[in-house]
Amino acid sequence: MDFGININGDRPLSLIKKGALTAERAGFSNIWIGEKPKFMHPFPVAAAVANTTTRVKIGSGIISPLLNPCNHIIGGYAVLREAYGDRFIIGLAPGDKWGLREIGVEISGMKKRIENCLRELKRQGFEVYIGASEPGLARLGSTVADGLLINFVKPEYVKWALNTARDKARKAAYGPSLLLPDDDHNELLLIGAATVAAGSSVAFQREFGLERWVKELRSILRRRDYGELWKYEDRLLEGFTLHGDIDDLRIRVNELRALGVDQVIFGAPLSHNIRSVAELGEGLQSL
Amino acid sequence: MRLSLGLTTSMPLEESLPLARLAEKTNYSRIWLGEDLNGRDVFAYLSVLSSETEKIQIGTGITSPFVRNWAVIANSCAGIQSLSQGRFILGLGVGGIPEISAAIGHKPKGIVSKMEKAVLFLKKVLKGEEATINSWYARIRNFSLAVSVAPPQIYLGVRGPRMLALAGRVADGVIFSGPPKYLREAVNIVDDAAEDAGRDPFEIDKVVWNPFVLVEKEEDIALAADMVDVMLPSMPPLAKKHLEGLGKNELLSNICICGDFEEIKDQLTDYSRMGFSEIVVGPPYGREPERTLKTLGEVYGLRN
């Protein structure tokens with residue numbers, strides 16, 4: 001089992017670099033950099049992480065070919081690979097379609113655009129994971145790509161996401177995470193969970209009867225009325241996060257392993273707490 | 001007169017990084033990175049240059065808001081400004097129309113108005129404010145960045161009269177290119193527009209980026225001649241009218257900064273008199289790019 005940490009470009013780069021170095025020293029094999037329009041772009045963040053670390057693999061988790069033309073993604077990782085060696089994994093997914101619409105991104109023909117970009121990246125020798133937010137992408141990811149990024153950590157949801165995936169594909173499960181106790185980042189965990197739920201695919205929402213709830217979450221997030229999320233605390237935390245003390249997290253890791261997951265990615269806000277990164281890395285070493 | 005280094009994304013890092021390090025060492029002021037649309041990504045490339053240098057300013061020379069989502073331009077700028085610790089300059093331009101048309105699937109329309117909106121949007125967002133654009137060419141609602149950075153200066157690399165006037169109204173600096181007679185007219189257009197907008201024209205930084213060749217042997221002229229062939233078709237009418245009927249050698253001296261060291265010194269003096277504060281030493285440089293940069297840097301770079 002491999003372990004990854006997700007770091008986003010929503011914090012000063014000095015803290016990002018410190019977090020990346022701590023993660024590498026604590027034994028994490030992968031650092032996954034998320035993309036959101038309001039975050040710093042994954043390219044400068046990836047360059048900062050690559051320049052600070054020596055061996056950890058650096059992934060985009062995810063980068064969207066709907067937001068970035070595919071030739072920019074290829075050209076970006078080509079130059080990063082040229083500078084820092086073959087340490088990059090490209091996690092490709094549509095991204096949060098609701099958020100993309102807010103910035104005028106055309107999302108029609110999404111699957112075809114992802115498939116074309118995936119094939120071009122593979123042709124150029126990149127390691128590519130596909131965000132398996134819906135069955136069609138899971139199938140594509142497990143046949144053409146090197147692996148799948150699953151944006152869920154609840155076993156029931158993970159099973160659904162993997163339903164159409166081929167067994168041989170590598171599978172990495174991601175969820176907003178927090179090593180407790182950590183009173184400073186509780187609300188960020190909740191926002192992270194709500195963001196994952198709000199950005200989930202229609203197929204996922206239909207499967208689990210979440211359409212109305214997701215609509216309400218989107219409204220709350222759009223208004224930035226984050227206090228409202230607390231009324232869904234249990235549902236959000238249970239459904240979409242990894243949280244607890246080291247023993248709780250080890251249990252969750254073992255659950256995911258039993259489902260065929262071979263990498264667990266501890267999503268933000270865990271990486272905001274450098275001490276948690278070090279403690280978690282140490283606590284996971286025996287797994 | 002400042003010297004800066006011009007690179008392009010078509011250059012492999014093993015070629016460009018030694019030049020970037022040398023430019024920094026010999027006190028060049030800036031590195032401008034030209035974008036080849038089908039090559040390495042300009043922002044990723046600048047991310048690497050930021051990490052590999054310490055004090056020299058770095059900028060896009062240019063990137064196009066016609067092929068990139070403006071939110072992505074903003075978040076890329078924020079990342080590089082942060083990574084470079086405040087050394088970043090955003091150079092914007094339209095780019096080559098055939099290349100842009102191929103990239104977006106149609107000929108760009110409303111170019112001046114769209115560029116103006118892009119500059120104003122980016123200035124606002126990079127200052128840490130929230131911005132909304134609701135137009136036929138861009139729809140971005142309540143956008144702001146998650147991190148605050150020192151707002152980078154915005155330069156425009158433009159050539160047509162309406163775009164030059166726009167630069168005079170809204171840009172912190174302008175990257176010019178073309179023959180000297182055109183450049184005089186272009187500077188006047190920028191300055192007049194600046195005055196009309198209530199700005200001091202001297203506050204607008206003026207940069208020239210023409211092909212640069214230090215000629216040490218007769219055969220070096222072939223390097224410059226190749227650049228004439230590349231540059232000539234893309235010249236705007238305002239520049240082309242100054243090139244009509246010129247012979248090969250005159251074309252060379254109009255389109256390129258080229259000659260031996262003494263001749264180049266004279267040309268730099270002429271540009272300075274025309275109101276330019278910076279010359280970009282860009283490809284093809286000369287037969288030995290490192291020696292060209294070093295020679296010029298030792299004389300001009302150290303003065304600043």
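Helices (H or I, at least four residues) and strands (E, at least two) are DSSP runs, numbered from the N terminus. The structure is a predicted model, in which local features need pLDDT of at least 70 and side-chain atom pairs count only at pLDDT 80 or more, while totals for chains, interfaces and linings use all residues. Residues are numbered from 1 along each chain as its sequence is written, chains are lettered from A and ligands numbered from 1 in the order in which they are written, and side-chain values use heavy atoms, with hydrogens and water left out.

The interface is described in terms of contact, meaning heavy atoms within 4.5 Å. On this basis, 36 residues of chain B are in contact with 33 residues of chain A. The size of an interface is often given as the accessible area lost when the parts come together. Buried area is that loss (1.4 Å probe) for two parts put together, summed over both. Between chain B and chain A it amounts to about 2,600 Å², with 58% coming from carbon and sulfur atoms.

Three salt bridges are counted between the two chains, a salt bridge being a side-chain nitrogen of Lys or Arg within 4 Å of a carboxyl oxygen of Asp or Glu. B:Arg141 forms a salt bridge with A:Glu102, with 2.6 Å between the closest N and O atoms. Polar contacts are pairs of N or O atoms within 3.5 Å; within protein, one must be able to donate a hydrogen and the other to accept it, and residues adjacent in sequence count only if both atoms are side-chain atoms. By this rule, 11 residue pairs (both at pLDDT 80 or more) are in polar contact across the interface of chain B and chain A. On the side of chain B that touches chain A, at least two residues each are supplied by α1 (13-25), α2 (42-52), α3 (70-83) and β6 (139-143) of chain B. The most come from α3(B), with nine residues. The residues of this side comprise 17 nonpolar (Ala, Val, Leu, Ile, Met, Phe, Trp, Tyr, Cys and Pro), 11 polar and eight charged (Asp, Glu, Lys and Arg), the others, Gly among them, counting as polar.

Burial is assigned from relative accessible area: buried means under 20%, exposed over 50% and partly exposed in between (1.4 Å probe, protein chains only). In soluble globular proteins, nonpolar side chains tend to be buried together. A nonpolar core is a set of buried Ala, Val, Leu, Ile, Met, Phe, Trp, Tyr and Cys residues joined through side-chain atoms within 4.5 Å. The largest has 209 residues, and those with the most contacts inside it are A:Phe28, A:Leu80, A:Leu92, A:Phe240, A:Phe266 and B:Leu156. Helix α3(B) gives the most to this core, with nine residues. A second, separate core has eight residues, including B:Ile62, B:Ile89, B:Ile175 and B:Val280. Beyond four places in sequence, the contacts of A:Phe266 include A:Phe3, A:Ile5, A:Phe28, A:Leu242 and A:Leu284.

In α2(B), 10 of the 11 residues are buried, so the helix is largely enclosed by the rest of the structure. Among them are B:Val42, B:Phe43 and B:Tyr45. At the start of α2(B), a side-chain oxygen of B:Asp41 reaches to within 2.9 Å of the backbone nitrogen of B:Phe43. B:Thr9, in the loop between β1 (2-8) and α1 of chain B, counts as buried at 0% relative accessibility. Its side chain reaches the backbone nitrogen of B:Asp36 at 2.7 Å. Leaving aside neighbours within four places in sequence, B:Thr9 is in contact with residues including B:Asp41, B:Val42 and B:Tyr45.

In chain A, A:Glu127 is located in strand β5 (residues 127-131) and is buried, with a relative accessible area of 17%. The side chain of A:Glu127 makes polar contacts with the side chains of A:Lys57 (2.9 Å) and A:Arg170 (2.9 Å).

Several backbone features were also identified. A cis peptide bond joins A:Leu180 and A:Pro181, with omega about 5°; A:Pro181 lies in the loop between β7 (170-179) and α8 (186-198) of chain A. Another cis peptide bond joins B:Pro283 and B:Pro284, with omega about 10°, and B:Pro284 is in strand β12 (residues 278-286) of chain B. B:Asn27, a residue other than glycine, has a positive phi near 65°. B:Asn27 is found in the loop between α1 and β2 (30-34) of chain B and is partly exposed, at 25% relative accessibility. B:Gln85, also not a glycine, has a positive phi of about 55°. B:Gln85 belongs to the loop between α3 and β4 (88-92) of chain B and counts as exposed at 74% relative accessibility.
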